[in-house]
Amino acid sequence: MSAPNKSYDPVEVEALKPEEIARRTDEALAAVAAAADLEALREVKAAHAGDRSPLALANREIGALPPHAKADAGKRVGQARGRVNQAFKARQEELEAERDARVLVEEAVDVTLPFDRTPAGARHPLASFMERVADVFVAMGYEVAEGPEVEAEWFNFDALNFVPDHPARQMQDTFFVQGEGTKGDESGVVLRTHTSPVQARTLVDREPPVYVVCPGRVYRTDELDATHSPVFHQIELLAVDEGLTMADLKGTLDHMVQALFGPDMTTRLRPNYFPFTEPSAEMDMVCYVCRGASVGNPDRPCRTCSSEGWIELGGCGMVNPRVLTACGVDPEKYSGFAFGFGIDRMLMFRHNVEDMRDMFEGDVRFTRPFGMEI
Amino acid sequence: MRVPLSWLREYVDLPATETGRDVQTKLVAVGLEVETVEKLGEGLTGPLVVGQVLTIEELEGFKKPIRFCTVDVGDANGTGEPQEIVCGARNFAVGDKVVVVLPGAVLPGDFKIAARKTYGKKSHGMICSGDELGMGDDGTDGIIVLPPETEVGSDAIALLQLVDEVLDIAVTPDRGYCLSLRGVAREAATAYGLPLRDPALLDVPPPNSAGYAVKVSDPIGCGRFTARTVSGLNPEARSPIWLQRRLQKAGMRPVSLAVDLTNYVMLELGQPLHAYDRATLQGPIGVRRATGGEKITTLDGVKRVLDTEDLVITDDRGPIGLAGVMGGANTEIARGVSDPETGEVRGTTDVVIEAAHFDALSIARTARRHKLSSEASRRFERGVDPQAASAAAQRTVDLLVLLAGGTAEPGVTEIVSPSAPRTLTIPASHPDEVAGVEYGRETVVRRLQQVGCDVYGQDELVVTVPSWRPDLTDPNDLAEEVIRLEGYENLPSTLPLPPAGRGLTERQRLHRRVGRALAGAGYVEALNYPFMGAAVLDQLGIEAGDARRRTVTLVNPLSDEEPDLRTTLIPGLLGALRRNDGRGTHDLALFETGQVFLPTGDEKPAVRLPVDRRPTDEEIAELNAALPAQPRHAAVVLTGAREQAGWWGKGHPATWADAVEAGRTVAREAGVELTVRQDQLAPWHPGRCAAFVVTVGGAEEVVGHAGELHPRVIKALGLPERTCAMEIDLDRVEAAADGPLRAPRISSFPVATQDVALIVDASVPAAAVETALRSGAGELLESLRLFDVFSGEQVGAGKKSLAYALRFRAADRTLTAEEASAARDAAVAAAAEHTGAVLRG
């Protein structure tokens, strides 16, 4: 490099002349604007803003200027380079946005494609419905009790005031278990014909107050057809406490049908006979389907309730004091109420199941739509 | 019990406008289960008239005999001319009175009658059978032949009482008295607040010694025996139309006058009666228990060997009736039969009427023992009013004399063992306390009196129950009477306040979780019947001596092929799988949870415990020992694709690994880690069968199996290829659970990952290698995952390569590379020591 030239006029350095810088700046801005894609912009950047670009080279000349000229030239070059860099940045963002938009379009899929890669499983509606019914009572403070399906006759009948040879004992078509060394039905063991033996087991085991529900599977010797099954499901309720009344029974039933079927549901009690309750009643609820509109209205027959307006749910009543005695509960001090009804029938009309067989054949087309809970 | 409304009105003045449906509603409200109301003669319009057959011309040349008749119907046809009618029946002759339906009439079932041409003749109407008129079985099997005194031309609809309503009542076992018009009428009278005309209120002559001799040797079995005799009956006398019609409407078949009358009075008063032909009785009537081996032929023609508990009616020859159940054939009333030569009618002319009261339990046992349920036994089992016996005998005698022209003999035999009416004492407030309603003493007393009780006392009521209500034994029985008559529909609705509950038990929660977890894993729940037979165990290849062969067997199974209760859930699930497959669903994953029944073989017959006190804990334990173990199992079966192929790529078939994983899924819900071991057990493929092991109280236990089914089993049961199954004992898994999970400590220091590939003998289980790696790696090991299994030339014959990703991390520092490598080397060294593993180069 030559010695400082005191008389040197910075204006006369070609690259730092204002016109030259302006020209280089305009060239760079035009090239940036002309860059069609990110690749072209990268090349433009190298040419106009890189280390060998005219503005970068011009910048180097500043050092050679006399001090008084340096500031002026530096400002000029700096502003030019700033403008070019700004433009690059703006164009870069613009082109990137264009590229991203294009890629997203290219990556678009048909979101309507089905995806049944792993078919869903399901609970059986009877199982989940039993849980739902139990939960209504659990929420009220009841507990869930369970018992064996192969049951001693004493629990299934005797303790429940079905005395031997009582006609009521023949009302229920019982499966008898063969005993070792006994013949016929003498083993004293049966498939439970109702969930009521769990009542007796609970009372034998616990001190009152007792508030339990017992859902479960029961057996009677009916052939399977559209409305009968030899294996079916019941839920039993038992409340034993001081001062319980039939009005309490009625209120509990009302609460249950409202919780399960809707707030406008009501129940009706009709006198009936069961050995283990006294007084006893048959419990009906307003027809879930026609709400009574089919009664006396031949134009709107209801298959669910046979146009009776009521659906029979099951038996109930005040626990017979003899049952309390047999289970070691003092009937002078305690009273109780109980009911039991068929889950299967309830499910049938709640979900419009036409044929009982559908519930016991295990066809996945029937069960799958019920999902996890009903 | 079928109750014709017209008959019921004889005892209660029901408002004329009340329909059967109205009466049904009232009776249901007081607790009679009126199942149906049958409308007899619905849609029937005349003219239906009495005619007399004038001529009969037999028409020839048809497939069946056809008669062309002229019938005098009086002025009923508007002309007075004989009516020409073609008829296919043959049970009538010229001069007989018959029922004629004329053109323009409509018979039940919308059967419109018009003159029409048939068999070459024009028929102007029809001669009717009982069937066509909706009358029920009259036992003649042809057209109705009316008594000769019937007036020609009169209206047959009224004569035959064809229009009526019949209430069909399902009588509950406690309401024996409602197996009679008298009982139902009492309920109807109370329901309507009307007086009852009690048909049992009859004048009965006092007993004397001139009656037919009767000896009751068992006064407990037979508390009362009334015998009356009517002699000189006209054997030709037939039951009048009204009597026949009432029996028919009540569902009984008219037989002969004497028999019809005993049935009629039984329906009216509820007292079963028996009529003996006196000419066939030999010596006095006796009542005693049968002796062993005695035999009797009952009226249904069945010869029965008697038990020493059976109560029998005897004469000098031995048993002549099964008391309270069915009479014997040897003293049956003979129907009047005319002698073909002389024309003289021979039949029963003298009858002895029995009205007795037998012990309910004894009759129930006899009826059950001989599988013979009769109208009589049904009533005795449920309780017959003992006080009605003499009235019933009297009523029968009166009707016999009236209808068959006999003479009531003055002898009245009545054997009565002394008994006092039942009396109960209840607080007057007891019904109020049971109901939760304040009825008040006055209402309680009034209602009990309506039931037929005598009531005395103020705060304590002394209640004497009526003889026809043996079911009223306890205070609550009386409460029920008050509450039902006050109306169950008027009970208020209140809610008790149970003590705070504890919610579901751990076990109940587990059962729900297992169901949801399996459903969440894609399994569909099936609830299968728990019945099975030995055949399916054969098909499953389960060997003799296997615990699953020891079954609970039913005495009366629905199917002889499936008399046993399941010991495993798999047969039921496979049945459902096959059914689905047969119906075109081939990708299946099913599960079931439920009890299986596993006898120990040591079960004793269940003892019969008392009911007048709580059995002792020992007694209950003894009773429970009569029951088989009934653990709850969970099981799955699967076949076809576990993952479907589709636009996303290939699918994945259901394999043994899915079945094993289902077991892990179940155990995970219980918070139990399963140890999986190679095993061999039917019905699984011997090389593809896993055993599940858990630790309960320090001891290892096998709790289930999973894998692919044995090809022979698949063939035997006709299952899809490669069907897989899993079964696990939920109760034992639950027992292995270790309380609430203790939360893991999470370190935020960086992880150090090390992969190792180990070569082992092909027979070495992966689980063993993993266990060794874990033990060697020590505390720094955070997790370990097998990510590849490879066998092939590179690793050598009989060998396999297992590739593991090991993640190391410390709780308190960043591990150095040296620390991580040292831990890995220790893991590999342990694997080498325990499984012979060699680090793959």
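Visitor: Why does A:Glu278 count as buried?

Guide: In this predicted model, A:Glu278 has a relative accessibility of 6%. Buried means under 20%, so A:Glu278 counts as buried.

Visitor: Where is A:Glu278 placed, and which residues does A:Glu278 touch?

Guide: A:Glu278 is in strand β7 of chain A. Leaving aside residues up to four places away in sequence, A:Glu278 touches A:Met318 and A:Asn320, and also B:Asn476, B:Asp477 and B:Glu480. A contact here means heavy atoms within 4.5 Å.

Visitor: What does UniProt list for A:Glu278?

Guide: The UniProt entry, which is unreviewed, lists A:Glu278 under "binding site". Such an annotation may be inferred rather than shown by experiment.

Visitor: What kind of peptide bond joins A:Glu278 and A:Pro279?

Guide: That bond is cis, and its omega is about -5°. A:Pro279 lies in strand β7, which covers residues 277–286 of chain A. Another cis peptide bond runs from A:Pro208 to A:Pro209, with omega near 0°. A:Pro209 is found in the loop between α8 and β4 of chain A.

Visitor: What makes A:Arg291 partly exposed rather than buried or exposed?

Guide: The relative accessible area of A:Arg291 is 40%. Buried is under 20% and exposed is over 50%, so A:Arg291 falls in between and is partly exposed. A:Arg291 is found in the loop between β7 and β8 of chain A. A:Arg291 is not a glycine, yet has a positive phi of about 50°.

Visitor: Why is B:Arg722 called partly exposed?

Guide: B:Arg722 has 45% relative accessibility. That value lies between the limits of 20% and 50%, so B:Arg722 counts as partly exposed. B:Arg722 sits in the loop between α18 and β40 of chain B. Its phi is positive, about 60°, although B:Arg722 is not a glycine.

Visitor: How do you know that chain B is more spread out than a compact globule?

Guide: Chain B has 21 helices and 44 strands. Its radius of gyration is 41 Å, while the globule rule gives 28 Å for 841 residues. The value for chain B is well over that of the rule, so chain B is more spread out than a compact globule. Along its principal axes, the C-alpha trace of chain B spans about 125 × 80 × 55 Å.

Visitor: How much of chain B counts as buried?

Guide: Of its 841 residues, 51% count as buried. Chain B exposes about 37700 Å², and carbon and sulfur atoms supply 50% of that area.

Conventions
Residues are numbered from 1 along each chain as its sequence is written. Chains are lettered from A and ligands numbered from 1 in the order in which they are written. This is a predicted model: local features need pLDDT of at least 70, side-chain atom pairs count only at pLDDT 80 or more; totals for chains, interfaces and linings use all residues. Side-chain values use heavy atoms; hydrogens and water are left out. Helices (H or I, at least four residues) and strands (E, at least two) are DSSP runs, numbered from the N terminus. Buried means under 20% relative accessible area, exposed over 50%, partly exposed in between (1.4 Å probe, protein chains only). The radius of gyration is taken over C-alpha atoms; the globule rule is 2.2 Å times the number of residues to the power 0.38. Accessible areas come from the Shrake-Rupley method with a 1.4 Å probe; for residues, only the protein chains shown count as cover.
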